[in-house]
Amino acid sequence: MSIEVNAKGQACPKPVIMTKKELDNIAEGVITTIVDNEVAKENVSKLAKSLGYDYKVDKKSDNEYYVHITKGEVSEEANVCIPDTFKDMTIAFSSNTMGSGSEELGKILMKSFIYTLTEAAPFPSTLIFYNGGVHLTCEGSEVLEDLRKLEDEGVEIISCGTCLDYFGINDKLKVGEISNMYTIYEKLKNPMNTITIG
């Protein structure tokens, strides 16, 4: 089976997500993803490598790359012994931006990260929002649609009540539930399954 994925013009992480979806839909065959920049080419190639599939890159021009991924037997380089812990994972958001340096870039990165969560099953079990992160679950947030999609998939979404009080936005909460510090502690106490974003 041979499938072509035209990901030209798609911003990160969509070329990777589009490729992963097609790979998940076949038992074996070749997926050819077409991208128009070096970063997308590298990211799709890294996906193939992380999954243990053979791949080859054909550079047609400076803005056209064909990444051919062959799905079949997993190569020996693939780490196939990693346990599936994502279903019990908690992700904590301490800010409405990702990283520091540029607030505008931080908001773009956060939006991209949360969108990626909706496309990368298995989903985490819980998303926790505290401090400035609670703005992501409230009115005016650009990620509400994606958070609602995750909630519909069974992901628990909780926002810190103290934080909502502090910012005066209790009545603006649009997704998930208000929680307390004890619950937040219980969710965060396993460092092996907790990621903090902010």
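Biologist: Is Thr-126 buried or exposed?

Modeller: Thr-126 counts as buried, because its relative accessibility is 3%, where buried means under 20% relative accessible area, exposed means over 50% and partly exposed lies in between, with a 1.4 Å probe and protein chains only. Please keep in mind that this is a predicted model, in which local features need pLDDT of at least 70 and side-chain atom pairs count only at pLDDT 80 or more, while totals for chains, interfaces and linings use all residues. Residues are numbered from 1 along each chain as its sequence is written, and side-chain values use heavy atoms, with hydrogens and water left out.

Biologist: Where is Thr-126 found, and what does Thr-126 touch?

Modeller: Thr-126 is found in strand E6; strands (E, at least two residues) and helices (H or I, at least four) are DSSP runs, numbered from the N terminus. Not counting residues up to four places away in sequence, Thr-126 touches Met-89, Thr-90, Ile-91, Val-155, Glu-156, Ile-158 and Lys-187, a contact being heavy atoms within 4.5 Å.

Biologist: With which side chain does the side chain of Thr-126 make a polar contact?

Modeller: The partner is the side chain of Glu-156, at 3.1 Å. A polar contact is a pair of N or O atoms within 3.5 Å, and within protein one must be able to donate a hydrogen and the other to accept it, with residues adjacent in sequence counting only if both atoms are side-chain atoms.

Biologist: OK, over to Lys-41, is that one buried or exposed?

Modeller: Lys-41 counts as buried, at 11% relative accessibility, and lies in helix H2, residues 38–51. The side chain of Lys-41 makes a polar contact with the side chain of Glu-42 at 2.7 Å. Leaving aside neighbours within four places in sequence, Lys-41 is in contact with Val-35, Val-57, Tyr-65 and Val-67.

Biologist: What separates the C-alpha atoms of Lys-41 and Val-57?

Modeller: Those C-alpha atoms are separated by 8.0 Å, and the two residues are 16 residues apart along the chain.

Biologist: New topic, how many aromatic pairs does the structure hold?

Modeller: The structure holds three aromatic pairs, where rings of Phe, Tyr and Trp (its six-membered ring) pair if their centres lie within 6.5 Å, and planes under 30 degrees apart count as stacked, over 60 as edge-to-face and the rest as tilted. One of them joins Phe-93 and Phe-113, whose ring centres are 6.2 Å apart with planes at 65°, so this pair is edge-to-face. Phe-93 lies in strand E5 (residues 90–93) and Phe-113 in helix H3 (residues 103–119), so the pair ties together parts that are 20 residues apart in sequence. Phe-93 is buried, with a relative accessible area of 0%, whereas Phe-113 is partly exposed, at 22%.

Biologist: And what kind of aromatic pair do Tyr-166 and Phe-167 form?

Modeller: Tyr-166 and Phe-167 form an edge-to-face pair, with 5.3 Å centre to centre and 85° between the planes. Tyr-166 counts as exposed, at 69% relative accessibility, while Phe-167 counts as partly exposed, at 30%.

Biologist: Which residues form the aromatic cluster?

Modeller: Phe-93, Phe-113 and Phe-129 form one aromatic cluster.

Biologist: Last one, where is the place of Asn-131?

Modeller: Asn-131 is in the loop between strand E6 (126–129) and helix H4 (144–152), and phi of Asn-131 is near 50°, a positive value in a residue other than glycine. With a relative accessible area of 45%, Asn-131 is partly exposed.
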